[in-house]
There are 2 protein chains.
Amino acid sequence: MAKVAFIGLGVMGYPMAAHLLHKGGHEVTVYNRTAARAEKWVAEHGGSFAATPAKAAEGKEFVFTCVGNDDDLRSVTIGPDGAFGAMEKGAVFIDNTTASAEVARELAQKAEAAGFDSLDAPVSGGQAGAENGVLTVMVGGKQSAFNRAQPVISAYARMVGLMGPAGSGQLTKMVNQICIAGLVQGLAEGLHFGSKAGLDMLKVVEVISKGAAGSWQMENRHKTMLDGKYEFGFAVDWMRKDLDICLTEADRNGAVLPVTALVDQFYKEVQAMGGRRWDTSSLLARLERK
Amino acid sequence: MAKVAFIGLGVMGYPMAAHLLHKGGHEVTVYNRTAARAEKWVAEHGGSFAATPAKAAEGKEFVFTCVGNDDDLRSVTIGPDGAFGAMEKGAVFIDNTTASAEVARELAQKAEAAGFDSLDAPVSGGQAGAENGVLTVMVGGKQSAFNRAQPVISAYARMVGLMGPAGSGQLTKMVNQICIAGLVQGLAEGLHFGSKAGLDMLKVVEVISKGAAGSWQMENRHKTMLDGKYEFGFAVDWMRKDLDICLTEADRNGAVLPVTALVDQFYKEVQAMGGRRWDTSSLLARLERK
């Protein structure tokens, strides 16, 4: 049992923090920008809440963040009343935000200078994965810090992998999102074509899903896509934020991502259709719009 | 045990015909445009070979074809000395070629007029699937003909599905290929980005392959892609032939396939790189070319 702070109680962070308390058995202090949500969390789960990230981080062995983007992350760590000002020597900072590799490296350097460790640890598995505590966590940082944090992270994860030095967790998450972008568009085009061709698409998916066209997305999203249900899952706004991170990093490392860039533009069209909160699979809705 | 003809002993047809003989226990007569290959097949497996498709089809209950494209298919069926001129009333014609839905419907009409049945039955699973007799077969045609042919087809298949009326097998195969085009490009961009980012890509795939980015292609092709091995599998030339069929059919039914069309152009570039016989996964080689 460790003293833990969790900063950022969004749709992901809220249940993740709860797993740290209930499943992990840790003493959890939470912070959230909108304080009412932190109060709700404490009323529901116990633990305590703090008025600032710094106060949440005080005296804690592990400090988690799960916020919106690079700016939010800088704000709650190195901004005024940020967690980094209060982190103990020897503590471990663990960031579950999907952010840039650049900010991950920057925080790792600042942490090292201040005598504590920093791990970038973005997750995949979505809201359902967070609620069920079965996320995949892609970690960048030092082996020694990973070894200490891994058992704590396991409270909300099915798989926790150390991918390399600081930033490697974020880079791995980017690979994940890049693969998904092309894959979901391919699936959307396949379902769109098959529907236009008059096929019984449930039967088609049954027959082809075990073969070379098969994917997690086909298995888990074909039914909702064919039903036109998109009010759930991983929102287009978040996907665009992630793809922006991918495309910016690709400009740095020289990777050429034509379909990722194109699909990002398609998501812009989905946003314009009113689909900012729709699931990533709503690329089909774009193809079907009249 | 039935009397069976098999026309077209390419990399797919050669082992499929052998499964009909050995696993199915059928009496098999083969025909191949290059006669030497039919002679080789008979020397290796038994059975007999015929000098023309018509002679192969004479007196047979089931006549299979597996040839290159629509033109080849018309040639061996309704061309001079084609199988249709010799098909018995009540027999079943089964075409394993990946061809257009149009030619499938045309042959089904001609078969019906002549008193026999025709099924379009393209396959997926590639050369390995054909050799191991575990193909997926997507069938279009009448239920009664399907019921009779299904046990015979099973000699080389793991899954045989009736998808709807004539042409539906081909249309289902097109859905399969459309899904694969976007999926493989997404995977190629992900692996390309991760390599440029300096990640240990085997570890990355291990961590992300069970999640939302996971696919048959990731599972079965990441290793060869990362090793730059493309001298195997489903050739780019064949994929372009299939995508041409998909895009032509989409022009008919109104489906919009932006990424499928783009990936088809990428494959054109792979052909120009000398990759006509490379596996479909060679989209990565295109991204990596200097």
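## Parallel strands of chain A

Strand β2 (residues 27-31) of chain A pairs in the parallel sense with strand β3 (residues 48-49) of chain A over two bridges; pairing requires that DSSP find at least two bridges between the strands. Helices (H or I, at least four residues) and strands (E, at least two) are DSSP runs, numbered from the N terminus. In β3(A), A:Phe49 is the bridge partner of A:Val30. Between β2(A) and β3(A) the chain passes through helix α2 (residues 35-45) of chain A, in a right-handed β-α-β crossover.

A:Val30 in β2(A) is the bridge partner of A:Phe6. Four of the five residues of β2(A) are buried, so the strand is largely enclosed by the rest of the structure. Buried means under 20% relative accessible area, exposed over 50%, and partly exposed in between (1.4 Å probe, protein chains only).

## Basis of the model

The model is predicted; local features need pLDDT of at least 70, side-chain atom pairs count only at pLDDT 80 or more, and totals for chains, interfaces and linings use all residues. Residues are numbered from 1 along each chain as its sequence is written, chains are lettered from A and ligands numbered from 1 in the order in which they are written, and side-chain values use heavy atoms, with hydrogens and water left out.

## Interface and nonpolar core

Chain A and chain B bury about 4,600 Å² between them, 73% of it on carbon and sulfur atoms; buried area is the accessible area (1.4 Å probe) that two parts lose on being put together, summed over both. B:Glu189, B:Phe193 and B:Val207 supply 15% of the area that chain B buries against chain A, more than any other three residues. The contact (heavy atoms within 4.5 Å) takes 57 residues from chain A and 57 residues from chain B.

The largest nonpolar core has 87 residues, and A:Phe193 and B:Phe193 have the most contacts inside it. Such a core is a set of buried Ala, Val, Leu, Ile, Met, Phe, Trp, Tyr and Cys residues joined through side-chain atoms within 4.5 Å. Leaving aside neighbours within four places in sequence, A:Phe193 is in contact with residues including B:Leu171, B:Met174 and B:Leu257. B:Ile208, in helix α9 (residues 201-208) of chain B, counts as buried at 2% relative accessibility.

## Salt bridges

A salt bridge is a side-chain nitrogen of Lys or Arg within 4 Å of a carboxyl oxygen of Asp or Glu. A:Lys142 lies in the loop between β8 (135-140) and α7 (143-153) of chain A and A:Asp117 in strand β6 (residues 117-120) of chain A, so the pair ties together parts that are 25 residues apart in sequence. A:Lys142 is partly exposed at 40% relative accessible area, whereas A:Asp117 is buried at 13%.

In chain B, B:Glu219 forms a salt bridge with B:Lys210, the closest N and O atoms being 3.7 Å apart. B:Glu219 is partly exposed, with a relative accessible area of 41%, and B:Lys210 is exposed, with 57%.

How values were computed
Right-handed = clockwise from strand over helix to strand, strands pointing away.
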